[in-house]
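Please keep the sequence and the model in view while reading.

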Amino acid sequence: MNHQVAVTHRSARLGEDSIHEDNERRLSQSRMPSVPNINQDSSEDALPSSDPLVDSERNEKVASVPTILNPDKRNSLLRTVQRFWRHSWVPEIVSYVLASVTFTGLVILLHLYQGKRLPEWPLGITINAMVSILTLVIKAGLALVLSEGLSQLKWQFFMVKDRVLMDMEDFDSASRGPWGSFQFLFKVENDGRKSETKRAWLRFMTWVLPRSHNLAIYFAKSAALLTLLVFILDPFTQQVLQFEYCSFIHPTIKADITRTNSYILDNTNVLGGAIDLRMAVAINTGLNNPPRADYGVYREEHQVAANANAAASLVETTCETGNCTFDLFSTLAMCHTCDDITTLIIKLPDTPPGKDIFTLPQDPQAAIATNISVGAFPSLTDDEDGNNGTDWRYFHALAYKRGKLLDQARNVFSLLTLNLGPFYYFNESVAISPSAVLCTISPCVRTYSSFMVNGTLRELEIKRVLMPVLVGNVTDGSYQLVTSSIPNGTGWIDCEAHSEPGPGLVKVAAENVDNTVPINSTHESQFPPIFYPEQCVWTYGMRSPSAIGAEAIRQMQNLQVASFPTAIYPDGVIRLEGVPEGTLTSTNLWRLGDASFNTTDKFMSDFADTITARIRAAGSDPGTGQVHVSATCIRVNWAWLSFLATTMALTLLFLAVLIIVHASEGTAKQNWKSSSLAVLFCSVDDRIRRSTTARQSRDDIFEVARVTRARLVENDNDGTATFVSGDGSG
């Protein structure tokens, strides 16, 4: 009686609408089993039961309801939302959308930091940690879809045909995680009947063969496979991040490199032709020990050879990290030109066989004799026995000034070389091919592209313009060039001419602009003066180029490489026949008889680069650049992300097919998924119940489940969900 009263009081809390809804749901359902809505207050009273006593008490309880209470509208709406959430696929769809949004965020994050240095986030959070967090969210979203999908397939399978009860355990285990899913993949379908002839391999083949009733199990196994793929996502997403050394421009530290718009020798006697000590050292270095450019891998990239600054190691720079790029800049410099004049060589007539002598004609623009010669000459000095021998001159070079300053506007000095070739004794059968080269050194303006890598400066010459003499003021031997444009960072800016003087403007002659207007014989300007910005004006002053040329001529006045007959000569020197002799500079030019136009051109190029480095060091307005700081940068290997993208696409396909199949089978309300209460509210028939007892172990229950087939149906008596044992035919 107390129980009946309690039930009556509980039933009094129910509304009439909920009772009608329960009755209508029962009438509208087909033979498919159902579980009452246990979230409503009346759920425990609406449970189906196989006990007639409980049914009678429930009928009395319902009949004793005296009044109907209107529930709070807000609570009613909340219960409606909750019921919709539980009885639909919205949670799985929301979960997949969350995974998709997170995946999009992961792609955006990787794209933002592609090729950039490692971020410095608060609390020391690294980008690896962020990728791991995002991957974890994606895994959670996909895992929920697959777990709930496998759980729902468990009910679907038992609704459509007789299944071995062990399938319930297998599906449930697969929905819980990777280990159960791994076992589920290799599960061979068992019909629950013992057979001596149906061996394991035959059962395996019946599972593998694409029969129609196997499609459902294939679909479930695909979900188990996806569960395993989701489980191993982490190493694939971590492999997306690759790290490499890179550099970035420091925002505040700047680099600089020497350059200059003007140059005057640092010597009080410069008008007398003297040079300062540092320029003298530079000239000696350029002639006898010039630096060699080692561009390594950059040689092929920039196709450098002729345009590489060999003396870049002598250029002064400020670069704190040893890795800098400098803005394009121009500077005062020295340039060289070389011409092959082999065709001018003259072979002297009436020379004895095997003792040919070759000479060059006199240069009409030279103030000294330039008809240098090579070949076999009678020895001017007798040996100790009084016998005359033969002097062999293999190389002869002469440095000189071609004409006066007023006549040769672009010449500091010239070098004339005549080369007979490698050392050998003359005889009639040897074919001799002498060569000759004429080179000049002239003031100019060079434009460089410079960069420093690991402390080594590399410079590439972009442009050069030769300088004319300073028109209107030739007495001090000055040179001047005005350029109509100058480099500015990576581009060029125009230099605007002004007709009136002003701040920062320099008075120049039109003939000195871009070196395009011919200079007349008086060296006086034929045009009105104009004014240019000082950064566009380049000037050598106070006879500085002439002094540099004079010192170079002194060191290369008469360079020879020769051999003499074996003897002790009056100067006390013992000479051996066949051993060439010469000064350091001459042997450097001769290159053991391997001298050619290219080697001579390179010799003069190195000399000009070395002198230019010293001239640039005298400047007070250096070029600017950017300091590169080495760091660890991120490289995204997008191919590894395809594994995650494929897994997400297959999971979406699984969810879509599951929803469609579930809706098409008319079991929308039996959306029980992983709910354990659904199992509690299902019963088994007497035949199955008698197979187990409370004292049995888990293994005993498993043995029974492996040989017992059942199907989930609606009980004809009370509408409860019941597992009914089958004979295997369904």
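In this predicted model, helix α18 has nine residues to look at first: L641, L644, T647, M648, T651, F654, L655, L658 and H662 are buried. These buried residues pack against four other helices, namely α6 (90–112), α7 (127–160), α11 (215–231) and α12 (233–239).

**Helices α18 and α6**

- Helix α18 runs over residues 641–664, and its 24 residues should span 34 Å at 1.5 Å a residue; the end C-alpha atoms lie 35 Å apart, which agrees.
- The buried residues of α6 are P91, E92, S95, Y96, A99, T102, F103, L106, L109 and L110.

**The pair α7 and α11**

- The axes of α7 and α11 come within 10 Å and cross at roughly 155°.
- An angle over 145 degrees counts as roughly antiparallel, and α7 and α11 are therefore roughly antiparallel to each other.
- The crossing of α7 past α11 is left-handed.
- On the α7 side, the contact is made by K139, L142, A143, L146, L150, L153 and F157.
- On the α11 side, the residues in this contact are A216, I217, F219, A220, A223, A224, L226, T227, V230 and F231.

**The pair α13 and α17**

- Helix α13 (residues 277–288) and helix α17 (residues 597–617) have axes that come within 8 Å and cross at roughly 160°.
- The two helices α13 and α17 are therefore roughly antiparallel to each other.
- In this pair, α13 passes α17 in a right-handed crossing.
- Helix α13 contributes R278, M279, A282, I283, T285, G286 and L287, which meet F603, F607, T610, I611, R614 and I615 of α17.

**Nonpolar cores**

- The largest nonpolar core has 67 residues, and the members that touch the most other members are M279, F413, M556 and I611.
- Strand β10 (residues 390–400) gives the most to this core, with 7 residues.
- Leaving aside residues up to four places away in sequence, M279 touches Y263, L265, I548, I611, R614 and I615.

Methods:
Residues numbered from 1 in each chain as written. Predicted model: local features only at pLDDT ≥ 70, side-chain atom pairs only at ≥ 80, totals over all residues. Heavy atoms only, no water. Expected span 1.5 Å × (residues − 1). Buried < 20%, exposed > 50% of the residue type's maximum accessible area, 1.4 Å probe, protein only. Contact = heavy atoms within 4.5 Å. Core = buried A, V, L, I, M, F, W, Y, C linked by side-chain atoms within 4.5 Å. Axes fitted to C-alpha atoms, helices over the stretch in contact; angles between N-to-C directions. Parallel < 35°, antiparallel > 145°, perpendicular 65-115°, else oblique. Left-handed = near helix turned anticlockwise from the far one by under 90°.
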